[in-house]
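Below is a brief report on one protein chain.

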Amino acid sequence: MAESGTLPTGFGELEVLAVGTVLLVEALSGLSLNILTILSFCKTPELRTPSHLLVLSLALADSGISLNALVAATSSLLRRWPYGSEGCQAHGFQGFVTALASICSSAAVAWGRYHHFCTRSRLDWNTAVSLVFFVWLSSAFWAALPLLGWGHYDYEPLGTCCTLDYSRRDRNFTSFLFTMAFFNFLLPLFITVVSYRLMEQKLGKTSRPPVNTVLPARTLLLGWGPYALLYLYATIADATSISPKLQMVPALIAKAVPTVNAMNYALGSEMVHRGIWQCLSPQRREHSREQ
């Protein structure tokens, strides 16, 4: 952790400023887009469906990631972590919960879309609510384990944000990493890829799929894959051999996921986009009520 008035090891003044600025831009864009998405669900009756509930869960998770990035951006611009060790644990836990919920919610949306467009029975409320409950309960469970001793939260190389500590090459870290990665990255990625691939195969014969079937899986792989590679490298070699600046790259990439998700799931959906526009335009909202 950087002390007050000093620069973190391996970073210059301009580099710390650049990281803080990038985090701030990612946080504000992700928060604004996802909050608009959440408001559109609350104010647009047409969006209150079981399928859209899964998208709402994703927007809530991505808002949490952006909020986590906002705290990290503020600390980076201050050049120190002002919240102490307990604050670091809380920041790591909150970031891990929302990251896992975002990944698993993306998989849930993929499965929900396949169920909605490719089966004869539509997704019902009981299934959607149970799925959302499971996603958040599972994410909280895995994020709580480092607080209980399986895994550990610590400062990232910049010293102004906290995440799962990958500097410990012991059995505790390795066992937690591989178990967590299987259930919370590889399995959701598999569900996402298979669900959209089946949609392409079934709907592609008669019409064009009504949703983007390529971007969600790519976002999961490219957004969270660098973190997965960093953690995997840490199990077989000394992660501190990687330069601190390079170690920060996965975090900066991951913090951009909420913005990409909002553009895909919200702005990329005509109904959600219309709901967002109604939230921004009081006249259109009043016109919709009159109709």
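Glu13 is partly exposed, with a relative accessible area of 45%. Here buried means under 20% relative accessible area, exposed means over 50%, and partly exposed lies in between (1.4 Å probe, protein chains only). The model is predicted: local features need pLDDT of at least 70, side-chain atom pairs count only at pLDDT 80 or more, and totals for chains, interfaces and linings use all residues. Residues are numbered from 1 along each chain as its sequence is written, and side-chain values use heavy atoms, with hydrogens and water left out.

Which residue meets Glu13 in a salt bridge? The partner is Arg79, at 2.6 Å from N to O. A salt bridge here is a side-chain nitrogen of Lys or Arg within 4 Å of a carboxyl oxygen of Asp or Glu. Arg79 sits in the loop between helix H2 (50-78) and helix H3 (84-118), and Glu13 in helix H1 (residues 13-43), so the pair ties together parts that are 66 residues apart in sequence. Arg79 is partly exposed, at 22% relative accessibility.

## The other salt bridges

The whole structure holds three salt bridges. Side chains of opposite charge can pair when their charged atoms come close. Lys245 pairs with Glu15, with the closest N and O atoms 3.2 Å apart. This pair links distant parts of the chain: Lys245 lies in helix H7 (residues 244-247) and Glu15 in helix H1, 230 residues apart. Lys245 is partly exposed at 41% relative accessibility. Glu15 is partly exposed at 31%.

Glu200 and Arg197 also form a salt bridge, at 3.9 Å from N to O. Both lie in helix H5 (residues 171-203). They are three residues apart, about one turn of the helix. Glu200 is partly exposed at 28% relative accessibility, and Arg197 is partly exposed at 47%.

## Aromatic residues

How many aromatic pairs does the structure hold? There are 11. Rings of Phe, Tyr and Trp (its six-membered ring) pair if their centres lie within 6.5 Å; planes under 30 degrees apart count as stacked, over 60 as edge-to-face and the rest as tilted. Trp142 and Trp150 make a tilted pair, 6.5 Å centre to centre with 35° between the planes. Trp142 is buried, at 8% relative accessibility. Trp150 is partly exposed, at 27%.

Both tryptophans belong to one aromatic cluster. Its members are Phe141, Trp142, Trp150, Phe176, Phe182 and Phe183.

## Fold and surface

The protein has 11 helices and two strands. Helices (H or I, at least four residues) and strands (E, at least two) are DSSP runs, numbered from the N terminus. Along the sequence the pattern is α-α-α-α-β-β-α-α-α-α-α-α-α.

Of the 291 residues, 48% count as buried. Among contacts (heavy atoms within 4.5 Å) between residues at least 6 apart in sequence, 76% join residues at least 24 apart. The protein exposes about 14,400 Å², and carbon and sulfur atoms supply 64% of that area. Accessible areas come from the Shrake-Rupley method with a 1.4 Å probe.

## Annotated spans

An unreviewed UniProt entry places the feature "transmembrane region" at residues 16-41, 53-73, 93-111, 123-145 and 176-198. Such annotations may be inferred rather than shown by experiment. Residues 16-41 are 100% helix and 0% strand, with end C-alpha atoms 37 Å apart. Residues 176-198 are also 100% helix and 0% strand, and their end C-alpha atoms lie 32 Å apart.
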